[in-house]
Amino acid sequence: MSAKRLAMLTLTILAGCGGERGTTLAADSLSRDLQRVPVDSSAVLNDRPADMGGAKVVQASAPAPKPVSKPKPKPQPRPAPPAPKPEAPASLLAGTTLATTIDREITSRTTKPGETVTATVASDVKDNHGRVVIPAGAKVNLTVTEIHESENKGDKTGKLTLTPNEVEFDGKTYTVTASAQALDRTLRDRKTNAGDVAKVGAGTAAGAIVGRVIGGNTKGAVIGGIIGGAIGTQRAIETQDRDVVVPANSRVELTLQGEFTR
């Protein structure tokens, strides 16, 4: 209705101002306005793309977003390995035995107490973990503490005491507390000496004196001397000195009396 009113008002103005021609133009304009289809401005538009002869319209798809790369985690430092436990020192327990060989002959005829002799370790000596503590070839220093020949037939061994005190190997010297036993020691008879002759002579003289006293004549003295000489000889044999001998390269076994640590 507002549009019609506006058209009527316009027509009246033009009629008053322009005469007949203006009236004709206004009438035509009004006629066109009246022929227009009223438009509903509140209607919802449904715009669609025109049909392209049956061809499908492919809409360009938006490019896919680029994947966002995640930052790589920084490598964590590896924990340091635990420090190894300190290894126990190589050691031998008391009671461990060492097989050795004596380097030179020991004899009570020439060797004196206080002398030092050496022995060579025959084989590796290992601890409970299998580690070599004293290698083969190591040298053991021993002191001849006591040595004396056998003075009678009842003495089967004589006297010999060897005391180990040091072990040497790899250019180092270690103190050792041990005992030693010469496994191959023997007794060797000495040659007849003045003492043995004196024993025989003393027996002969004693026998002669006894024979003279008993027999009362020279014949008894002679018989007594023979008997006395035989007794003296037997006594000389029974009391003959015999030397203690440990041959070179013979076996000497050492037994530790305390712990040995290298």
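Ser 123 touches Ala 99, Ile 134 and Ala 136, leaving aside residues up to four places away in sequence; contact here means heavy atoms within 4.5 Å. In this predicted model, local features need pLDDT of at least 70 and side-chain atom pairs count only at pLDDT 80 or more, while totals for chains, interfaces and linings use all residues. Residues are numbered from 1 along each chain as its sequence is written, and side-chain values use heavy atoms, with hydrogens and water left out.

Ser 123 sits in the loop between β4 and β5 (125-126). Strands (E, at least two residues) and helices (H or I, at least four) are DSSP runs, numbered from the N terminus. The relative accessible area of Ser 123 is 40%. The residue is therefore partly exposed, a class between buried (under 20%) and exposed (over 50%), with a 1.4 Å probe and protein chains only. Gly 137 lies 14 residues away from Ser 123 in sequence and 7.4 Å away in space, C-alpha to C-alpha.

Ile 134 also belongs to the largest nonpolar core, which has 30 residues. Such a core is a set of buried Ala, Val, Leu, Ile, Met, Phe, Trp, Tyr and Cys residues joined through side-chain atoms within 4.5 Å. Ile 106, Ile 134, Leu 160 and Phe 260 have the most contacts inside it. Ile 106 touches Leu 160 and Val 244, among others, not counting residues up to four places away in sequence.

An open, antiparallel sheet has the order β3-β12-β11. Strands pair if DSSP finds at least two bridges between them. Four bridges join β11 to β12 (residues 242-246). Asp 189 stands opposite Arg 242 in β12.
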